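Welcome to my notebook. I am opening a new structure today and jotting down what I look up as I go.

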Amino acid sequence: MQIVSVINQKGGVGKTTTCANVGAALARSGHRVLLFDLDPQAHLSISFDRLPEPGEPSVYTLLGAGHRLEEVVQTTSVPGLTIAPTNLDLTGAETEFAAEIGRETLLRDALEGYARRIPEPPEVVLFDCPPSLGLLSLNALVASRHVVIPLQAEFFALQGMAQLLDVIERVKRRLNPGLDLLGIVVGMFQKQRNLSREVLQELHRHFGPLLFPTLVRMNVRLAEAPSHGLTIFDYAPESGGAADFAAVAEEMARRLGLRPEQAEPERSPEPPAEEPAAEPTAAAEATPSPESAPLRELEAG
Ligand SMILES: Nc1ncnc2c1ncn2[C@@H]1O[C@H](COP(=O)(O)OP(=O)(O)OP(=O)(O)O)[C@@H](O)[C@H]1O
Ligand SMILES: [Mg+2]
């Protein structure tokens, strides 16, 4: 199992959109994928039309009421893609489980048991983290091998980044030595905006090859798809959003070392309608700097 935390304590940067569509793209390529909704807002669960009723098996009852993960997991409309859904019940979890012994490893333990018990465990698990660095995010980081950080190329993109990287470092030191930063996905990119281009250069200076080469463009279809209970590949397969997330998923599969795709996804040959293609090489044009740039600089800069 390749377990990935999709995390950024900043709200609205594209965590849920990335989980839903990268998960769908990987599943369409023949991989077994499990999405984990760790956000009490339950946007991921809602966007797959899998919102549990209060008290029904959910991530909350998994953590608190002793439900097994196999009782919680549901299929989605996408073959090969499953989801551990959540609902508002999870809102109190951070404080409720705070005093529990082993509170940081609840998710890791649940996943390990699940993988042992079921015949075909998922190959990829994606945690859709809430916009905070509390106990739920900590559980995700402890259970994960990899971290993916979605970012928006906005003026405040780097704000909070030093804190996030510091938390990742501390988890690594104390609880999960194998944790690594798989990459940074820039989303809602608007090529026409000078500011976006400038921020992108800045991001590249700090993170170099950690940036995914494909920038996910601003594409209204990506915002519309969840309200139809669909991923971008079923809602608007010809859109730029579908093309971008297919490419991000492909890069993620490569970085995760997933075996070559079993089935070819149905790719859209059409150019995107809404925005001219963001050059995937835009980041590569900026001068790269050593990956070891001091983390503290990020916030100061
Ligand atoms: N590339 C894009 N183009 C247009 N809209 C987008 C794009 N990516 C995400 N959105 C929209 O932006 C909003 C925020 O995205 P999303 O919910 O994925 O962020 P998030 O980080 O999960 O937010 P939260 O922190 O609240 O969980 C959503 O309405 C989503 O549909
Ligand atoms: Mg979200």
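Which residues are closest to ligand 1? I find 19 residues around ligand 1, the closest being Lys15, Thr16, Thr17, Pro131 and Ala223; a residue counts as near when its C-beta atom, placed from the backbone, lies within 6 Å.

Ground rules: this is a predicted model, where local features need pLDDT of at least 70, side-chain atom pairs count only at pLDDT 80 or more, and totals for chains, interfaces and linings use all residues. Residues are numbered from 1 along each chain as its sequence is written, while chains are lettered from A and ligands numbered from 1 in the order in which they are written.

**Entry: confidence.** I looked up pLDDT, the predictor's confidence in each residue from 0 to 100. The protein averages 87, and 86% of the residues score at least 70. Over residues 263-301 the pLDDT is below 50, although this stretch has 65 contacts in the model beyond near neighbours in sequence (contact: C-beta atoms, placed from the backbone, within 7 Å). Where pLDDT is low, the predicted coordinates should not be read in detail.

**Entry: the ligand shell.** Both α1 (15-28) and α10 (220-224) supply at least two residues of the shell around ligand 1. Helices here are DSSP runs (H or I, at least four residues), numbered from the N terminus. I sorted the shell into eight nonpolar, nine polar and two charged residues. Nonpolar means Ala, Val, Leu, Ile, Met, Phe, Trp, Tyr, Cys and Pro, charged means Asp, Glu, Lys and Arg, and the others, Gly among them, are polar.

**Entry: α1 against α12.** I see α1 pack with α12 (residues 240-256) at about 70°, their axes 9 Å apart. Axes are lines fitted to C-alpha atoms over the stretch in contact, and angles run from 0 to 180 degrees between N-to-C directions. The two helices are therefore roughly perpendicular (65 to 115 degrees). On the α1 side, Asn21, Val22, Ala25 and Leu26 make the contact. I count nine nonpolar, one polar and no charged residues there.

Technical notes. Angles under 35 degrees count as roughly parallel, over 145 as roughly antiparallel, 65 to 115 as roughly perpendicular and the rest as oblique. Two residues are in contact if their C-beta atoms, placed from the backbone, lie within 7 Å.
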